[in-house]
Amino acid sequence: QAYSGTPPEEKEKIVWVRFENADLNDTSRNMEFHEIHSTGNEPPLLLLIGYSDGMQVWSIPISGEAQELFSVRHGPVRAARILPAPQISAQKCDNFAEKRPLLGVCKSIGSSGTSPPYCCVDLYSLRTGEMVKSIQFKTPIYDLHCNKRILVVVLQEKIAAFDSCTFTKKFFVTSCYPCPGPNMNPIALGSRWLAYAENKLIRCHQSRGGACGDNIQSYTATVISAAKTIKTGLTMVGKVVTQLTGTLPSGATEEEILAHSNLRRSPLVPGIVTIIDTETVAEGQVLVSEDSDSDGIVAHFPAHEKPICCMAFNPSGMLLVTTDTLGHDFHVFQILTHPWSSSQSAVHHLYTLHRGETEAKVQDISFSHDCRWVVVSTLRGTSHVFPINPYGGQPCVRTHMSPRVVNRMSRFQKSAGLEEIEQELTSKQGGRCSPVPGLSSSPSGSPLHGK
């Protein structure tokens, strides 16, 4: 533009951006993507870009030539997800099979035009470009999540789940603990389980384990906390003094003190996590109380002392990472379920990952595919990467320098001489030598064989 003398084009402001995993780049659904390492057959990247007046969906192949798949320009988009094809069975059929893949969008202006801002979810067909379904709500929507079973709409202190085949309401939760943000109502959706922040701890449903007790803070964190307490105390004293001197109207201070006292008397308990099974949970309202049964409740446990800000499942759904509003510690839990009730389930606290002494609002958490790394991103513009083991234990060179996940070091492994056997097997060519004469060797017959 500088050489040609043409005026510069106005640039649109990007509000959010996200990579999506969908049927278009799913290696298990597309036969041409099975040969991952061959040239030209790598699955494309699906990129969603949200602007101040709409959004776009781009497909980026290995060649880098981006292709626009979808575009909508009817005001800002708060959340958007590409819905995967649902799991169908003899009892369930897909009502939207001819329209898929579908794109769920939460815009400021709904399809009807009369609903309040961000109060409806519009489902568009990426095949035809038309809108095939609109789901209306009375309160604003903050986020969308989806898997092959359900579409989850996150509201403030509420969650609504819809069947992925018919988009009829399956169940809803109204007992979520509020969070100041950036995730107003943090949840984690795996392939089958849904985790959310419960507002109370029900003892009869409480699972074994979790994170209990006060965490030991460092000297620096104690000093910072003390300074904040002193500042808050001085502010309160100043308000009382100005109220007595008459420089401020007494009503404002009374309302603030009343709100503060009501907050302290509130029966809600922060930091509680409830995990439900989206397949076995009953239709209608999911209520965790002393009078309700534990059908569909996988686990119910305390994770933090402060309100939960963000949480995420690993790809297998067996590990859950949670963090609170302070953003100091990130807890890694292993969920071991019991078929009878959530009170018999075990929640192993594997790690406490520490970030720093200053407060930070966590925006997102993600696992690597082999679950040996966890990355946490904050609104400070930083991302923190932590090494972990899927089974717990101290990360070391042995666990993280291998191309595959290795088992933890144990006394049995040493005493049984398994390492020596593995070295001996890998040094031999042709795989495992059969102890019975006349039988051929089997390269894949031993779990210790290095593939």
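Student: Why does Phe167 count as buried?

Tutor: Its relative accessibility is 3%. Buried means under 20% relative accessible area, exposed over 50%, partly exposed in between (1.4 Å probe, protein chains only). Phe167 therefore counts as buried. This is a predicted model, where local features need pLDDT of at least 70, side-chain atom pairs count only at pLDDT 80 or more, and totals for chains, interfaces and linings use all residues. Residues are numbered from 1 along each chain as its sequence is written, and side-chain values use heavy atoms, without hydrogens and water.

Student: Where is Phe167 placed, and what is its phi near?

Tutor: Phe167 lies in the loop between strand 11 (158-163) and strand 12 (169-173). Strands are DSSP runs (E, at least two residues), numbered from the N terminus. Its phi is near 60°, a positive value in a residue other than glycine.

Student: Why is Cys371 called buried?

Tutor: Cys371 has a relative accessible area of 8%, so it is buried. Cys371 sits in the loop between strand 23 (362-367) and strand 24 (373-378). Its phi is near 60°, a positive value in a residue other than glycine.

Student: Why is His300 called buried?

Tutor: The relative accessible area of His300 is 0%, so the residue is buried. His300 belongs to strand 18 (residues 297-302).

Student: What makes a polar contact with the side chain of His300?

Tutor: The side chain of Thr274, at 2.8 Å. A polar contact is a pair of N or O atoms within 3.5 Å; within protein, one must be able to donate a hydrogen and the other to accept it, and residues adjacent in sequence count only if both atoms are side-chain atoms.

Note on methods: Helices (H or I, at least four residues) and strands (E, at least two) are DSSP runs, numbered from the N terminus.
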